[in-house]
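Here's a quick briefing to read with the structure open beside you.

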Amino acid sequence: MAGNEELTGPVPQDLEAAEKLKNEANEYFKRQNYNRAIELYTEAIEKNPTSAVYFANRSISNLRLENFGYALNDASKAIEIDKLYTKAYYRRAAAYMALGKYKFALKDFEYVIKVRPNDLDAKMKYNECNKIVKKIAFEKAISVDKKGVNIADTINLDAMTIEDEYEGPSLEDGKVTLKFVKELMEYYKEQKKLHKKYAYKILIDVKAYFQKQPSLVDIKVPDDKKFTVCGDIHGQFYDLMNIFKLNGLPSDTNPYLFNGDFVDRGPFSVECIFTLFSFKLLYPDHFYMSRGNHETRDMNRVYGFQGEVTSKYTSQMADLFTELYNWLPLAHCINNRVLVMHGGLFSKDDVTLDDIRNVDRNKQPPEDGIMCELLWSDPQPMAGRSPSKRGVGCQFGPDVTAAFLQKNGLDYIIRSHEVKNDGYEVAHDGKCITVFSAPNYCDTMGNLGAFITMNGKELKPKFTSYEAVPHPDVKPMAYAHSMLSMFYQ
């Protein structure tokens, strides 16, 4: 009988139950509870694995959670079930775009316009994606011509004049001061713009500093001193200001580490990054910044930072940011006991701290290896390793964490990279801690933000959670590529 059931497909009551589950999942999706929606779509698929719609709906839910690998798999499964289901091609193209694989996205559109030659929407999306592919090819051709040319070296600050009507903060003898940073933050709260001459000077100076830093930075915190670790900020400037309100401004006696993803998605990324860079120049030995997966060209092109910098300043400055981000350190080690990175651990055993120190980081992250995994990997509750839900990096279990810590003489790791309801999560028997500092992420997720404080002696993490604060009415993703907003509708 079982064989007959397989041949005839799902029984009517299962089809009916699956449809009810799908409708319930749709309601959770509308309420932006994507995790619950995914659970219900999964139950629907278990009852009826022949519905392309269920897989496509689960795909867009995973897209919203940035699980690009899972989104890609679900969209591919939907296409396998129904080759004419246009929406599934759009979902898969969105996942490809999020992973910077524009040529694969273009192939999906090519197929749609081939089978539906009168689909104007598909033609429009094909043309937009084709523009990106051509632009990237053009940029690559130019970069070959300009190999060895540093944008920072081509900036002529002397040719930039400060207009009489400019009333904003000014560098003092070309240097960042505490007065400048305080005035800058207030100026930004009023949605005003730092003069481009000062902006370029900060970028040139901070690039020169980071170029001298190792890929793994060692931090020494005295026994009786406090140290703060913050996670993703994602352009949420007013929430960044709230962190400083709750925990004090950075200073020689109040050191901070910001653990990557300062920009993208949030519409005040420029304000965030110049505030953070200013503190870095003011307190170079007491203010630290790690590279995140969003301090990269492909992410910035899609998720808004490139568009925001070009809108507020110039495309040349956007290119300078790309050049600068290549020099951000990849990890920090506190008192030889706590390792902090944006993403997580590795697909291979036996990675040492020296291996991290020896990474040549002055580049866009490769698709695998130590540099990629430091920026992209995620923990998982089960032992061992799994392919990444994001399609980049890997997922690592508690046994992987324990073995890495033991080999390197460490107590625990801190990482960021994932939204958590309370702004933090303690996993892997207390050995793997996630901190995420952007509350109500993208104005939709409803999560708290958090930061971690500890003293140098015990290094015991203490968590402070906080809600989002009001901000001016500029939508998240306001500067993101128009293609992405189409896919997320």
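A nonpolar core here is a set of buried Ala, Val, Leu, Ile, Met, Phe, Trp, Tyr and Cys residues joined through side-chain atoms within 4.5 Å. Buried means under 20% relative accessible area, exposed means over 50% and partly exposed is in between, with a 1.4 Å probe and protein chains only. Keep in mind that this is a predicted model, where local features need pLDDT of at least 70 and side-chain atom pairs count only at pLDDT 80 or more, while totals for chains, interfaces and linings use all residues. Residues are numbered from 1 along each chain as its sequence is written, and side-chain values use heavy atoms, with hydrogens and water left out.

**Cores**

- The largest nonpolar core has 74 residues, and L339, L353, I356, F404 and I413 have the most contacts inside it.
- Helix α6 (residues 86-98) gives the most to this core, with nine residues; helices (H or I, at least four residues) and strands (E, at least two) are DSSP runs, numbered from the N terminus.
- A second, separate core has 59 residues, including C230, F258, V263 and L328.
- Zooming in on L353, and skipping neighbours within four places in sequence, you'll find contacts (heavy atoms within 4.5 Å) with L216, C333, L339, F404, N408 and L410.

**α4 with α6**

- The axes of helix α4 (residues 52-64) and α6 come within 9 Å and cross at roughly 25 degrees. Axes are lines fitted to C-alpha atoms, for helices over the stretch in contact, and angles run from 0 to 180 degrees between N-to-C directions.
- That angle is why α4 and α6 are roughly parallel to each other. Under 35 degrees counts as roughly parallel, over 145 as roughly antiparallel, 65 to 115 as roughly perpendicular and the rest as oblique.
- α4 passes α6 in a left-handed crossing, where left-handed says that the near helix is turned anticlockwise from the far one by less than a right angle, and right-handed that it is turned clockwise.
- On the α4 side A56, S59, I60 and L63 meet R91, A94 and A95 of α6.
- The residues of this contact split into five nonpolar, one polar and one charged. Ala, Val, Leu, Ile, Met, Phe, Trp, Tyr, Cys and Pro count as nonpolar, Asp, Glu, Lys and Arg as charged, and the others, Gly among them, as polar.

**α2 with α4**

- Helix α2 (residues 12-30) and α4 have axes that come within 11 Å and cross at roughly 25 degrees, so α2 and α4 are roughly parallel to each other.
- L15, A18, E19, K22, N26 and F29 of α2 make the contact with Y54, N57, I60, S61 and R64 of α4.
- Here the tally is five nonpolar, three polar and three charged.

**α13 with α16**

- The axes of helix α13 (residues 269-282) and helix α16 (residues 315-325) come within 14 Å and cross at roughly 50 degrees, which makes α13 oblique to α16.
- I273, F274 and F277 of α13 touch M317, F321, L324 and Y325 of α16.
- The residues of this contact are seven nonpolar, no polar and no charged.

**Two single residues**

- A105 is found in helix α7 (residues 102-115) and counts as buried because its relative accessibility is 0%.
- Beyond neighbours within four places in sequence, A105 is in contact with A93, Y96, M97 and C129.
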